[in-house]
Protein chains: 2
Amino acid sequence: MQGPIWLEGGLFRKQGLRFTLPRRVILDTLCKTKGHLSAEDIYLRIHDSYPQIGLATVYRTLELLSKMGLICKFDFGDGCSRYELARARDEEHHHHLVCIKCGKITDYSDFVEEETRLIREIEKALSRKYDFQINSHQLHFYGVCKDCQQGNNSHRAKQERR
Amino acid sequence: MQGPIWLEGGLFRKQGLRFTLPRRVILDTLCKTKGHLSAEDIYLRIHDSYPQIGLATVYRTLELLSKMGLICKFDFGDGCSRYELARARDEEHHHHLVCIKCGKITDYSDFVEEETRLIREIEKALSRKYDFQINSHQLHFYGVCKDCQQGNNSHRAKQERR
DNA sequence: AATAATAACGATAATCATTATCAGTAAGAG
DNA sequence: CTCTTACTGATAATGATTATCGTTATTATT
């Protein structure tokens, strides 16, 4: 139950917030699993070791952590938001391949250097041209994963929604 | 009430589907407004000239058109899906700037050539490496638009959801 | 043309993710 | 020790989307 950045909860106290058990546990869960978890995924994982936690608290906490910039919220179009730990600037950045059949999400870090360079340029130019203060971006590729190409689509239960 | 590609509804009949009035009207609406419309936006716009149409039909039709590849479904994180006409390969491609305060979406076409070139490369490489058949991609930039930077955030009514 | 088969419709109920409410608990300030 | 307020969990409410169902309209078949 330890994390790198938020350790000791200084980040919270600084803002008059408290670094409570639910918050610690949720951050910890995201830290261990490296992303793509929905609120309910997180709720269920935590439930084993901490059955009293409420789903509302999970949602509330995710919202808070997201606003604090500790986690990122993604929408891959499968009907719910998914969250992952925000990586520090120097850590390895990655983007996502989303299978439109089984919903599986594959991280990739290939090309990120070129990507990042181009995206930085774009951000700079767009900021100027449209007077738009850019905070973040998301790049998702959609397609059919290896397994689903062979008709073997037995991944996520929640396949056919939306 | 005419569109370029789907005219005469050959695309529909080819698949045993019918090119009905609701479908024509919905495509037409998307054609006229160039995108970013939610299902309800579309429903309301159509309602003036075609009050009998049902919201369920709008959703059903959008789903169908999306699967046919005539329109694209986007999720900008504001709590509902948004749709726009799929542009032909040779038409001008664009991406989106999303204001996290007022929800305004700005299209841009700057840099698309470089972008497209890089994205094609990435697609090719990822397809090979991960055995992933890539169909489409989405690139969104999130930030604060001109108006909202000045505290003047009087855009969409549906501002503060999510 | 008459009929059968089926695509599509509109209304409405159901579902599901998310948010709001509310009463109770616990941490920190004085 | 008490007061204030952040936080919690349970539960109700909301809102977007989907499923259901009886009806209508189109195409195929006779």
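Predicted model: local features only at pLDDT ≥ 70, side-chain atom pairs only at ≥ 80, totals over all residues.
Local features need pLDDT of at least 70 and side-chain atom pairs count only at pLDDT 80 or more, while totals for chains, interfaces and linings use all residues. Residues are numbered from 1 along each chain as its sequence is written, with chains lettered from A and ligands numbered from 1 in the order in which they are written.

Chain A holds an open sheet of three strands, ordered β1-β3-β2, with antiparallel pairing. Strands are DSSP runs of E, at least two residues; helices are runs of H or I, at least four; both are numbered from the N terminus. Two strands pair if DSSP finds at least two bridges between them. β1 (37-38) and β2 (71-75) of chain A each have a single partner strand, so one side of each lacks a neighbour in the sheet. Five bridges join β2(A) to β3(A), residues 81-85. Ser81(A) in β3(A) is the bridge partner of Asp75(A).

Helix α2(A), residues 21-33, packs on this sheet and touches β1, β2 and β3 of chain A. Contact requires C-beta atoms, placed from the backbone, within 7 Å. Lys34(A) follows α2(A) and has a positive phi, near 55 degrees.

DNA strand D is surrounded by 24 residues; the closest are Leu17(A), Pro22(A), Gly54(A), Thr57(A) and Ser81(B). A residue is near the strand if its C-beta atom, placed from the backbone, lies within 6 Å of it. α2 and α4 of chain A and α4 (55-68) of chain B each give two or more residues to this surface. α4(A) gives the most, with five residues.

Conventions:
Contact = placed C-beta atoms within 7 Å. Axes fitted to C-alpha atoms, helices over the stretch in contact; angles between N-to-C directions.
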